[in-house]
Each structure stands twice: as C-alpha cells, then as structure tokens.
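I have a new structure open and my notebook ready. Come along while I look up a few things.

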Amino acid sequence: KHPPIYFLFLLLSTHHSQPQLGIIMTSFMVPPLSRYFSSACGRSQLLASFSSLCPQSSSSDHKRKLSSQSQSNCNLASTQSWSDEWKSLGLGARLPKPGSRLTNLMFVQMGFGVDQHGNDGNNAGATKASVRAVRNAIEFNSIPGIIESVPGGRSEMLISVKLGIPLKREDSTEPMEVDLNEVAKVFPYGRLMPIEIVVGGLTFNTGRIVRELGDVDDLAVCVAACVSIGYDSGKRGDEDVHIMHDTKHHR
C-alpha cells in the first residue's frame, strides 16, 4: 500500500551493506512499483517522498551565499591564496577600512630574505626575496594576546609592511620591481595596509651561474622587511604618526 516506503527501505538496506536483503526486497517491490508509477497520484506521492528526504536550498539563499563569497574575495588584499588549504578555510589578509591608520603599535619584527638566483631578466628575484623576508619576520612568532588586545581580534588587526629593495642597477635610483600580490598572500588574517617600498637591501655576487634555474649572471638579491601590527584607536592628533612610548617615562 505504501511503495515509497518499501522503496526507501530497499535503498537503506543496500546502503548498509546488506545486498542480500536488497535483492529479496526487490522481488517484492518491483511489481507494486510498476503499478504505482502507472497512476498520476502514485507518481506524485513517490516524488513527494523523495523530496522530503533531500535538503532544500532556495535559489535566493544560493545567490546570497555566492554574493557573500564574492564580496569576501573582493576584500582580500591578494587576488591569490597562499595554498589550497588556506583557500578552503577562507584565510587571507583583507584590505583595510577606508581611512585606517596604525595608531597603536603592538608588535614590530624584522626579517630578511635572499634569492641567490635573483637575476633572471624579469626581476623575479626581488619578489622571491621579499616573500622570504616577510615570512622570516612572522613565521617564528606567536602572538596569542592579539585576540584580546586588538578591538575585533586578529581579523581586525592592522598589518604594516615596509620592504628595503635593492636598486635595479647601480646607476639607477629606482628599486627592483616586486609583485606585491605575492607578498600580500603570505598573511593569513588581519587587514594589510599598503605595502611600502624603499631603496634598501643589497645585491651580491655568488660566483656561479645556474642556467637551469634561469640565471643570466651570478647576482643574488637580499631584501629587508619590517612587519608591524597593531590597531586603529580612532583617535587623531596633529601628526600622522603612531603613538610612541618613551621608556624613561614608563618605569
């Protein structure tokens, strides 16, 4: 009298690794089902039974989810993710809110990175060295207090990055080009302020050329990085600088 229930029982029995039970049930079910499908009422009830088993999601909910994901991606500081795992977890630093300033410094760390095959003719060495310098500055540190000390937690902390990049050539006044998108994707959370680049670091000769790695000469690139984190208190003074503490007056 209730073929949809019998048919569901068949699916459950085969799903729970009981094929012998499924075969037995089939012999009893096929004739009733064929008769049941022959009537419009039977077809409607059967479809209703299956529909009740499947989770329903409205198109509007799906659109809102896609819109939220798209908006989140647009707010990321980098158009790429450090890894597939980070991407699946939604990790990645976001852009700062308009008008944000790092008024309260909480952590300042230096790092350096080197690409011994820095000159491949495309200035890729400066980018590799920059990424390594930033990672060197942050990957050996744990700052659990950020969650409680920064308003909004680690997702709202501001990140300031300053890179010292060598000159393109000895007779140039411009630093080597750096793909800042690659640098930005190093940070898993927080809000990344515009990355500042100044002339710095150094280049040196390694004494060897590895053609297989794209070397055109033996030039190596070294980049210095300063990574500072903190938050915006919202207070604004006459000077556009962060709060500085004089240790002499804080004993």
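I began with contacts (heavy atoms within 4.5 Å): residues 24 or more positions apart account for 74% of those in the chain with a separation of 6 or more. I noted that this is a predicted model, where local features need pLDDT of at least 70, side-chain atom pairs count only at pLDDT 80 or more, and totals for chains, interfaces and linings use all residues. Residues are numbered from 1 along each chain as its sequence is written, and side-chain values use heavy atoms, leaving out hydrogens and water.

Next I looked up the secondary structure, and found 8 helices and 6 strands. Here helices (H or I, at least four residues) and strands (E, at least two) are DSSP runs, numbered from the N terminus. I also checked burial: 30% of the 251 residues count as buried, meaning under 20% relative accessible area with a 1.4 Å probe, protein chains only.

Then I turned to helix α6, residues 124-138. I compared its span with the expected one (1.5 Å times one less than its number of residues): its 15 residues should span 21 Å, and the end C-alpha atoms are 22 Å apart, which agrees. Among its buried residues I listed Gly125, Val131 and Ala137. The buried residues of α6 pack against β1 (104-115), β2 (158-165), α8 (180-184) and β6 (219-231).

Last, I visited Arg191, in strand β3 (residues 191-192). Is Arg191 buried or exposed? I found it buried, because its relative accessible area is 10%. A polar atom of the Arg191 side chain lies 2.6 Å from the backbone oxygen of Leu95. Beyond its neighbours within four places in sequence, Arg191 has contacts including Arg94, Pro96, Glu156 and Ile159.

Terms used: Buried < 20%, exposed > 50% of the residue type's maximum accessible area, 1.4 Å probe, protein only. Polar contact = N/O pair within 3.5 Å; in protein donor to acceptor, adjacent residues only side chain to side chain.
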